[in-house]
Amino acid sequence: MRALLLASVFSLSALAASLPARAADVTAPVKNIIDATVKNWAEGENDYQDIFDETRLTSVYSKDFADKFRAAAKFPAFDEGTTPFDYDVITGGQDGCPLQDVKIEAKGQKGNATEVDASFKNMACFGTDAQYQQAATVQFLVIEEGGKPVIDDILTQGGDDAGFVSLKATMSEIGKQGG
């Protein structure tokens, strides 16, 4: 009986070792940032969650992204600020509404990264006109670094149908130009 039990345990161990490692959830770092953004735009009093705080810079973003942010942050948008941006980079503005119809979806490979799209309505409280009811989409490029998925770039919709704009490129320009 003991031999049969040991053989069963050995067989299960061998089977587990032969299975491919479970892929990390590429949407996890995006969910972290979107959850913080949802809380920041929620009605009522909420503690603001900095999506670029040091904890997130070292755990949710790639080293390259974090380095570009730190270089750009040397030129804050406001005198007392710690960010080079004078707007919410996820929602694309200073004004908005609580986020509605939030969806996060891995879309597939884009170069060496996985594209993860986050879509949401952030102007719905301004009225029922189509312009206020449209969903915005933000593309996150997620790579694996240090054995875990991290955000390597955030692509936001440019104004006037200009396509998507790279936040890393924007941060690089701020860092080079000094604000």
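Analyst: Strands here are DSSP runs of E with at least two residues, numbered from the N terminus. On that basis Ser 119 belongs to strand β2, which covers residues 113-121. The model is a predicted one.

Start with Ser 119 itself. Buried means under 20% relative accessible area. Ser 119 has a relative accessibility of 19% and therefore counts as buried. Leaving aside residues up to four places away in sequence, Ser 119 touches Asp 101, Val 102 and Lys 103, and also Ala 136 and Thr 137. Strand β1 spans residues 100-110.

Next, the overall layout. The protein chain has 6 helices and 5 strands. Read from the N terminus, the order of elements is α-α-α-α-β-β-α-β-β-β-α. The chain has 179 residues, and 34% of them count as buried. Taking contacts between residues at least 6 apart in sequence, 50% join residues at least 24 apart.

Cys 97 sits in the loop between α4 and β1, while Cys 125 sits in the loop between β2 and α5 (130-133), so the bond ties together parts that are 28 residues apart in sequence. The angle about the S-S bond is -80 degrees, and the link of Cys 97 and Cys 125 is left-handed. Cys 97 has a relative accessible area of 1% and is therefore buried. In general terms, a disulfide is a covalent bond between the sulfur atoms of two cysteines.

The loop between α4 and β1 also holds Gly 93. With a relative accessible area of 14%, Gly 93 is buried. The C-alpha atoms of Gly 93 and Asn 122 are separated by 9.7 Å, and the two residues are 29 apart along the chain. Apart from residues up to four places away in sequence, Gly 93 touches Trp 41, Tyr 87 and Asp 88.

A search of the whole structure finds 7 aromatic pairs. One of these is a stacked pair formed by Phe 52 and Tyr 61, at 5.6 Å centre to centre and with 25 degrees between the planes. Phe 52 and Tyr 61 are both buried. Phe 52 also pairs with Phe 85; this pair is tilted, at 6.0 Å centre to centre and with 40 degrees between the planes. Phe 52 lies in the loop between α2 (28-41) and α3 (54-59), and Phe 85 lies in the loop between α4 (63-72) and β1 (100-110); the pair links distant parts of the chain, 33 residues apart. Like Phe 52, Phe 85 is buried. Ring pairs link Phe 52, Tyr 61, Phe 65, Phe 69, Phe 85 and Tyr 87 into a cluster.

To return to the part in question: Ser 119 is in strand β2, and its contacts include Val 102 and Thr 137.

Conventions: Residues numbered from 1 in each chain as written. Predicted model: local features only at pLDDT ≥ 70, side-chain atom pairs only at ≥ 80, totals over all residues. Heavy atoms only, no water. Helix = DSSP H or I, 4+ residues; strand = E, 2+ residues; numbered from the N terminus. Buried < 20%, exposed > 50% of the residue type's maximum accessible area, 1.4 Å probe, protein only. Contact = heavy atoms within 4.5 Å. Phe/Tyr/Trp six-rings, centres within 6.5 Å; stacked < 30°, edge-to-face > 60°. Disulfide = S-S within 2.5 Å.
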